[in-house]
Amino acid sequence: MLQEESDISLIIAQIVQKLKGSNLYAQLERQAWASLQRPEIKLESLKEDIKEFFKISGWEKKLQNAVYSELSVFPLPSHPAAPPEHLKEPLVYMRKAQGSWEKRILKSLNSMCTELSIPLARKRPVGEQKELLNKWNEMGTDEPDLSLFRPVYAPKDFLEVLINLRNPNYENGDSLSFRTHLGLIQVPLKVKDIPELKECFVELGLNTGQLGIDDSTQVPPELFENEHVRIGQKVLAEQDSAAAQQYIRQGSPTALRAELWALILNISSQPEDILYYEQLKTNVIQHDLLVDSLIYKDVKLTASNDDYYFVFEDYLYQVLLCFSRDTSVLNHFAYNSASPPKSYIRGKLGLEEYAVFYPPNGVIPFHGFSMYVAPLCFLYHEPSKLYQIFREMYVRFFFRLHSISSHPSGIVSLCLLFETLLQTYLPQLFYHLREIGAQPLRISFKWMVRAFSGYLATDQLLLLWDRILGYNSLEILAVLAAAVFAFRAVNLMEVTSLAAAEAVLADLSTLKVMPLLQIFLFATVT
Amino acid sequence: MSRVSVPCHVKGTVALQVGDVRTSHGRPGVLVIDVTFPSVAPFELQEITFKNYYTAFLSIRVRQHTSMHTPAKWVTCLRDYCLMPDPHSEEGAQEYVSLFKHQSPSMTFPKWLSHPGPCEQPVPLLEGLPDPSRVSSEVQQMWALTEMIRASHTSARIGRFDVDGCYDLNLLSYT
């Protein structure tokens with residue numbers, strides 16, 4: 001059909017355009033030039049011979065991985081008449097809500113600036129720069145006075161905004177009727193039901209081996225684990241991103257996880273990447289940002305207090321401070337409903353040539369933000385690699401957890417999916433919790449916003465994040481949240497207050513995620 | 001053959017409803033939009049583009065003039081084309097849509113619109129030459145592609161967040 005052909009041509013053109021600016025393009029060009037020396041490259045069949053050379057030397061695979069990465073991250077090209085904001089978020093009322101929420105954040109940050117008389121950004125004096133460089137690897141030992149700083153917002157503030165989201169075209173009526181949603185989210189986004197989830201997460205089924213279930217000590221490794229590890233090693237040898245993504249749906253062996261995630265995210269530490277990270281480090285040394293204090297405060301309040309993650313405190317500063325200075329992160333705002341905050345150089349208010357983004361990466365951290373980085377510290381110990389992995393995870397997945405959008409992996413859809421699953425498959429529990437004033441989403445929201453980091457044991461968290469990568473979707477977070485409620489349903493039916501319900505669900509550190517997911521999706525009588 | 005937009009006049013929506021609009025409480029599910037073309041010059045309609053706002057299904061009917069003597073009749077070109085796969089959810093609710101003439105199975109679009117003027121004779125299609133309508137649509141696709149590539153900038157890493165080494169900022173801007 002003509003229409004499909006032109007759609008594919010558009011996608012190809014878009015990907016070619018994106019890859020043209022990348023390191024890979026330069027490398028391929030160099031390789032092509034160098035290959036002309038080789039005896040098998042003949043002038044008469046130049047194009048075919050070079051293509052064959054790329055195939056044999058593994059460069060074609062690298063190109064395939066890059067294309068696959070682009071397809072996974074960037075949305076398909078939209079209608080030619082659609083403006084850029086439509087690509088960020090197609091629904092106008094969601095865009096408006098995101099805009100209002102951002103304005104609130106900006107006001108909050110501005111008032112913090114004015115109250116504390118601290119500039120948003122300043123150049124560090126040379127002495128201070130030297131000092132910071134000297135203690136770069138032990139910034140955690142610093143104990144600056146952060147008492148006056150407060151996080152810009154916490155997840156519960158964000159939840160209130162989501163609860164108040166309304167579609168102006170949706171006739172709901174103020175009084176409760178069969179049309180109003182029983183949960184907190186009142187927008188009619190499309191979410192999957194259990195039959196659709198079973199189809200989507202078919203590899204988590206009862207008849208498929210899983211790491212997290214079939215590698216437990218009681219199960220002989222010959223039944224599943226050994227073969228799965230062997231296949232994993234083969235996937236890594238082939239260096240195929242798409243194969244790795246398919247493989248990891250059944251979980252990753254601990255020894256292979258760091259390499260598999262890097263392959264799926266298409267991260268290879270080239271000298272250019274290490275240099276880029278060093279450049280970011282220089283930016284941190286030279287300029288002091290207000291958000292640095294917010295990052296310090298967040299790390300001190302969350303990761304430093306966590307039994308699993310406090311050892312990585314220094315790594316967290318090294319990643320997050322550099323992240324704030326990374327302008328390449330600005331690219332993801334093309335498909336993020338959020339927009340980077342803007343400011344002007346002092347004294348040049350309103351002059352466009354002096355307009356800048358603040359922070360340079362456009363992302364203002366909130367309470368708990370550092371928990372997105374912490375689990376990665378178990379996998380990567382080289383700062384620039386750790387940094388690259390975190391940045392890619394953020395621009396692929398984590399940004400969706402704190403911006404208002406209609407995307408199926410956006411936090412609004414996840415909340416609605418969670419509530420709908422609970423209402424449909426555990427109606428008695430849902431009704432009971434509502435009656436006692438314990439709307440389930442009020443408890444599970446913080447788990448989903450943090451992708452369960454800091455709530456699950458780390459080995460379980462990494463098994464969960466394996467599946468996020470494998471399915472290129474965050475929906476599994478909502479399914480797990482519902483599965484946790486299902487697991488503790490008996491206790492929850494007996495509580496009579498929100499506080500008691502929260503107490504039942506306060507400690508998730510003993511939970512095993514894969515059995516919970518499997519039972520909820522595939523073994524519950526519906 | 002270049003593509004231009006045809007000026008058209010889009011009238012306000014009229015609800016199709018049984019009974020008295022004022023007294024009945026039910027909300028109509030079908031709305032009709034009349035589109036007229038004020039220009040009298042003949043044209044060949046290739047594409048209709050619009051932005052949806054919560055319409056689930058679309059039908060298009062055209063009034064066809066065949067000759068000077070027979071009365072014009074209404075022909076359905078598109079029936080119940082689905083714009084929203086699940087009308088009670090947001091999927092497709094605010095999407096941009098294009099309908100192309102080849103999607104209309106009866107292919108009555110171009111024929112009635114591209115009526116030749118009194119002095120023109122229809123050009124006979126010579127053997128071996130490509131069908132002009134197919135060529136024109138392929139040319140349009142290439143045009144759209146080149147427009148897109150021209151419009152997008154090369155993704156070179158800029159890296160600098162300061163202005164001439166200066167990053168002293170006052171407050172965030174609300175615009």
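Salt bridges between chain B and chain A: the count is 0. Keep in mind that this is a predicted model.

Polar contacts are another matter. Between chain B and chain A there are 14 residue pairs in polar contact, both partners at pLDDT 80 or more. On the chain B side, the elements giving two or more residues are β5 (47-51), β8 (96-100), α2 (132-151) and β9 (169-173). The top contributor there is α2(B), with 6 residues.

Now the area. Interface size is often quoted as the accessible area lost when the parts come together. Here, chain B and chain A bury about 4,700 Å² between them. Carbon and sulfur atoms give 60% of that. The contact takes 60 residues from chain A and 43 from chain B.

Next, helix α19 of chain A, residues 440-449. Of its 10 residues, 8 are buried, so the helix is largely enclosed by the rest of the structure. Among the buried ones are Phe445(A), Trp447(A) and Met448(A). Ser444(A) is on that list too. What do they pack against? The partners of the buried α19(A) residues are α8 (155-163), α17 (411-425), α18 (427-435), α21 (475-487) and α23 (498-504), in chain A. Just after α19(A) comes Ala451(A), with a positive phi of about 50°.

Last stop, the surface. Trp33(A), Leu36(A), Leu43(A) and Leu46(A) make up a nonpolar patch. Together they have about 460 Å² of accessible area. Leu46(A) sits in helix α3 of chain A, residues 46-57.

Conventions
Residues numbered from 1 in each chain as written. Chains lettered and ligands numbered in written order. Predicted model: local features only at pLDDT ≥ 70, side-chain atom pairs only at ≥ 80, totals over all residues. Heavy atoms only, no water. Patch = residues over 30% accessible without salt bridge, like charges linked within 9 Å, V, L, I, M, F, W, Y side chains within 5 Å. Areas by Shrake-Rupley, 256 points an atom, 1.4 Å probe, with all protein chains shown as cover. Salt bridge = Lys/Arg side-chain N within 4 Å of Asp/Glu carboxyl O. Helix = DSSP H or I, 4+ residues; strand = E, 2+ residues; numbered from the N terminus. Contact = heavy atoms within 4.5 Å. Buried area = accessible area lost by both parts, 1.4 Å probe. Polar contact = N/O pair within 3.5 Å; in protein donor to acceptor, adjacent residues only side chain to side chain. Buried < 20%, exposed > 50% of the residue type's maximum accessible area, 1.4 Å probe, protein only.
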